Amino acid sequence: MVEMTKDALKEVCKHLDLYSTPRLNDKLYLHYKGWERIQNLDEFTGVRALWLESNGLSKIEGLEANTELRCLYLHNNCIEEMENVGHLKFLDTLNLEHNNINCIENVSGCTKMRTLNLAHNNLESIEDIEHLAECHSISVLDLSHNKLDDPDILTILEQMPNLNVLNLMGNDVVREIRNYRKTLTARIPTLRYLDDRPVFEDDRRIAEAWARGGKEAESAEREAIKQEKRDKERRNTEAFRRMQDEARAGAKERRALKGEESASEYTDSEEEFAETEDDAAPGGVAAKKDKKSEFFKMHIIEIEEIGRASCRERV
């Protein structure tokens, strides 16, 4: 027998580099230790997550002082009853997978609990799970691989107002309920994930139509969904074409504005070289250009006359 003594707990804390002062620890790893009983945890008042899986535990006990617990992992043990957890007001997750539990009880006081895992236990009848109707906060429920075979368990499950995820795989009830997936989807309106697949919005619409009017209503709803998708695709295509047209029009307008600016720049460059009134006036730039031209012409004439005179002298 391996006993959970205070010295043993201190040794675990030391080995895992946890705080030596028990109340300062918010996590405590006590799995795979071979404990047979939960005890001596009264000093660990600050623990929020407690791992106790894969030991030899047969009873849930010794948690009276651990009121801050949010997550309690007790899977892979030998626990037969759900007890001594009702005082854990902040408990969010309780994992009791792979135990020997045959009845769900004493967890309605855990008003903040959202996840309950009871896979691979010994639940058989509607009476074994009827306590779930009082557990209004649970949103994730795993009852897979039990011995449930009564289709009337749906009357309990549909009373859970926040049930989003449900797993019933490995139970005979899956075969006993006709049109299993559509039935559960229609009867549990909050369901978003069933077994190993999500429940999409289209799945819900089809299931609810089937529940209202059978195969004909289901076919009509399927066609309506297809038409809605076609209409949506058409609207998206039209919106994309409008966006393309607007982009082309904007590009054309920008090119036109750019062309006007280029033409304006060319006109301005020509005007820079045009004569102004001041240039044409006496003494202006144009007049000075004319005088220079006249000066050069006169010198050219003189050079020509000198050249001709030199030729006559030689003769």
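**Figure 1. Overview of the predicted model.** The model is predicted, so local features need pLDDT of at least 70 and side-chain atom pairs count only at pLDDT 80 or more, whereas totals for chains, interfaces and linings use all residues. Residues are numbered from 1 along each chain as its sequence is written, and side-chain values use heavy atoms, with hydrogens and water left out. The protein has 8 helices and 9 strands, taken as DSSP runs numbered from the N terminus (helices H or I, at least four residues; strands E, at least two). Its accessible surface comes to about 19,800 Å², with 49% belonging to carbon and sulfur atoms; areas come from the Shrake-Rupley method with a 1.4 Å probe, and for residues only the protein chains shown count as cover. Among contacts (heavy atoms within 4.5 Å) between residues at least 6 apart in sequence, 38% join residues at least 24 apart.

Figure 2. Two strands pair if DSSP finds at least two bridges between them; β1 (27-29) and β2 (49-51) do so in the parallel sense over 3 bridges. Ala49 in β2 is the bridge partner of Lys27.

Figure 3. Lys27 forms a salt bridge with Asp26, their closest N and O atoms being 3.4 Å apart; the term denotes a side-chain nitrogen of Lys or Arg within 4 Å of a carboxyl oxygen of Asp or Glu. Both partners are partly exposed, Lys27 at 35% relative accessibility and Asp26 at 38%. Arg48 lies in the loop between β1 and β2 and is partly exposed at 43%. Although Arg48 and Lys27 are 21 residues apart along the chain, their C-alpha atoms are separated by 6.0 Å. Beyond its neighbours within four places in sequence, Arg48 is in contact with Asp26, Glu68, Leu69, Arg70 and Cys71.

**Figure 4. The largest nonpolar core around Leu132.** A nonpolar core is a set of buried Ala, Val, Leu, Ile, Met, Phe, Trp, Tyr and Cys residues joined through side-chain atoms within 4.5 Å. The largest one has 60 residues, of which Leu72 and Leu132 touch the most other members. Two or more residues come from each of α1 (6-15), α2 (126-129), α3 (154-157) and α5 (180-187), and α1 gives the most, with 4 residues. Leaving aside neighbours within four places in sequence, Leu132 is in contact with Ile104, Leu116, Ile138, Leu141, Leu143, Ile156, Leu157 and Met160.

**Figure 5. Glu53, a buried acidic residue without a salt bridge.** Glu53 lies in the loop between β2 and β3. This residue is buried, and the nearest side chain of opposite charge, Lys33, is 11 Å away; here Lys and Arg count as positive and Asp and Glu as negative, while His and the chain ends are not counted. Apart from residues up to four places away in sequence, Glu53 touches His31, Tyr32, Tyr73, Leu74, His75, Asn76 and Asn77.

**Figure 6. Loop residues with positive phi.** Most residues other than glycine have a negative phi. Asn76, in the loop between β3 (71-73) and β4 (93-95), has a phi near 60° and is partly exposed at 33% relative accessibility. Asp17, in the loop between α1 and β1, also has a phi near 60°, and is exposed with a relative accessible area of 72%.

Figure 7. The whole structure contains 17 salt bridges. Glu218 lies in α6 and is buried, with a relative accessible area of 6%. Lys182, Glu218 and Arg222 are linked in a network of salt bridges. The contacts of Glu218, not counting residues up to four places away in sequence, are Lys182, Ile206, Ala209 and Trp210. Asp231 and Arg234 both lie in α6, 3 residues apart, about one turn of the helix, and their side chains meet in a salt bridge (4.0 Å, N to O). Asp231 is partly exposed at 23%, as is Arg234 at 42%.

Conventions:
Buried < 20%, exposed > 50% of the residue type's maximum accessible area, 1.4 Å probe, protein only.
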